[in-house]
Amino acid sequence: MNKQLTAADAVAQLRDGMTIGFGGWGPRRKPMAIVREILRSPVKDLTVVAYGGPEVGMLCAAGKVRKLIFGFVTLDAIPLEPYYRKAREAGELELLELDEGMFQWGLRAAGMRLPFLPTRCGLATDVTALNPALKTVTSPYADGEVLLAMPALELDVAFLHVNVADRLGNCLVTGPDPYFDHLFARAAQQCFVSCERLEERLELDAGQARCNTFERYLVTGVVHAPLGAHPTSCPSDYGWDLQHLKAYVAGSQQEQGWQQYVGTYLAGGEQAYQDANGGVERMGALPLPVF
Amino acid sequence: MSATCEFTLAELMIVAASEAWRGDGEVIASGLGVIPRLGASLAKLTHSPQLLMTDSEAFLVEEPVPLGPRDGHQPRYSGYMSFERVFECVWGGRRHAMIGPTQIDRWGQTNLSCIGDYRKPKSAILGVRGLPGNSINHLNSFFVPNHNTRVFVQGEVDMVSGVGFKAERWPDGVRRDLMDIRRVVTDLCTLDFDGPQRAAQVRTLHPGVSFDEVQDKTGFPLLKSPLLQETAHPSAEQLALIRRLDPHDYRAAAIKGNPPGIRSV
């Protein structure tokens, strides 16, 4: 069994109109090498499901997003994501804006093959008022409480980035927080994982094995993509690239800013991307953010 | 205390923020942003040591982590608190967060999503984030660095991200007893929602600020709390702790112009 493929092979699985999820959180451990490959591809009309960071902004800038299912879009150190804002303020996006907790609840429902899971989150707010598709359910027990029935967030494809994987699809997340990647993997029909380091077969001790947060049967394909989270962080390997993100934000304020970003960073493939960012040595040494 | 201490408005607000967590017991204290985080840290180091805190990433700490670069200092952890566990904590109600919403209305409803029409907003902000879930599940306080009528809006907030006390917003059968709002700390005053029918009232006024000034800069009518008094000045001990918790003086940039705590009229 060998699940290794290229980012281009993984992206070739996408079809127009698909619902795709991205792991990570804001500007943290996003599968950016795969995102760059999507940006180079002709795929469009996507429904994007994410705890949003620059992948959402970039896909919006490239006009690939029809609908966004999200709780936020942010670059953390730079709170507001410029291209998300532009698309949002232009009224271009269909939206399902969810509480962060509701969002993981919907992924969980999908992973458990349930139509919905109950929660109080979102009730008495515009999250429900603006989305009449979100229904309530009444507890069948004596309490009779009215709860929100958070529908399953079923994904056609999920993309994740991890620190280590093997050719069988076993994955390790070595940073302090696994975020909700395991739920994205469970919610998806197909899940492609890019990794910093690809091994033939993981042979771990008990402590290391606890960094495995989902099973390999959930993994369709593995992409070897060193520095593949850049410009987002990949704890415990490297931090986000604030210089790159600042330039990205500054570019958004200029005419042709996105086209320039595409020309500088996307047109030439991953090797050219790394060269344009000072090379692997600089990128791999970016310090982890201190919170 | 008789000695007069020099202090900044930010330091006064940190002390006022710390008061929000007084008496909460064993709950997670989450202060988001410089002043709320320093307020939570100060609360834990002084009147409320039972509070739980994180390193603002994924670990629990018993010693609040100072802000900014640590010069090699490695915090010691007492437990683990991934985002997944934060939601488990939120839904169980054992948390008191203080965040800075973009808008707050007379019902205590808050907005973090967008300004203007939802479908084509004048300004898109962050998104609702965890506000819907936080606000309906546990105690919340708010922080406002620039008290004005754009924040404290006349009508309802543009996008209700966090629940409040507006009855019409609550469907029949939904539990309302799990939520509450404790305090709003602004650069002019502290507010609570403890008036009749949970009306907003001024609880303390910062030195040199009048009730009329606060009312002028608020889009809805305010009441005077029966407890209305001047906001407590930081003590020398509190100021020393604040300096220890914020060695790089991030608080100096938290309020525009870093004004002194006692404003000259």
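Strand 3 (residues 59-61) of chain B pairs with strand 4 of chain B in the antiparallel sense over two bridges; strands are DSSP runs (E, at least two residues), as are helices (H or I, at least four), numbered from the N terminus, and pairing requires at least two bridges found by DSSP. Within strand 4 of chain B, Gly79(B) is the bridge partner of Leu60(B). The model is predicted, with pLDDT of at least 70 needed for local features and 80 or more for side-chain atom pairs, while totals for chains, interfaces and linings use all residues. Residues are numbered from 1 along each chain as its sequence is written, and chains are lettered from A and ligands numbered from 1 in the order written.

An open antiparallel sheet of three strands runs in the order 2-3-4 in chain B. Strand 2 (53-54) and strand 4 (79-80) of chain B are its edges; each has a single partner strand, so one side of each lacks a neighbour in the sheet.

Helix 2 (residues 34-45) and helix 6 (residues 236-245) of chain B pack with their axes 10 Å apart, at an angle of about 125°. Axes are lines fitted to C-alpha atoms, for helices over the stretch in contact, and angles run from 0 to 180 degrees between N-to-C directions. Helix 2 of chain B is therefore oblique to helix 6 of chain B (under 35 degrees is roughly parallel, over 145 roughly antiparallel, 65 to 115 roughly perpendicular, the rest oblique). Helix 2 of chain B contributes Leu38(B), Ser41(B), Leu42(B) and Leu45(B) to the contact, and helix 6 of chain B contributes Gln238(B), Leu241(B), Ile242(B) and Leu245(B) (contact: C-beta atoms, placed from the backbone, within 7 Å).

Between the chains, the contact takes 40 residues from chain A and 43 residues from chain B. Helix 3 of chain B gives the largest share of the chain B side, five residues.

Conventions:
Contact = placed C-beta atoms within 7 Å.
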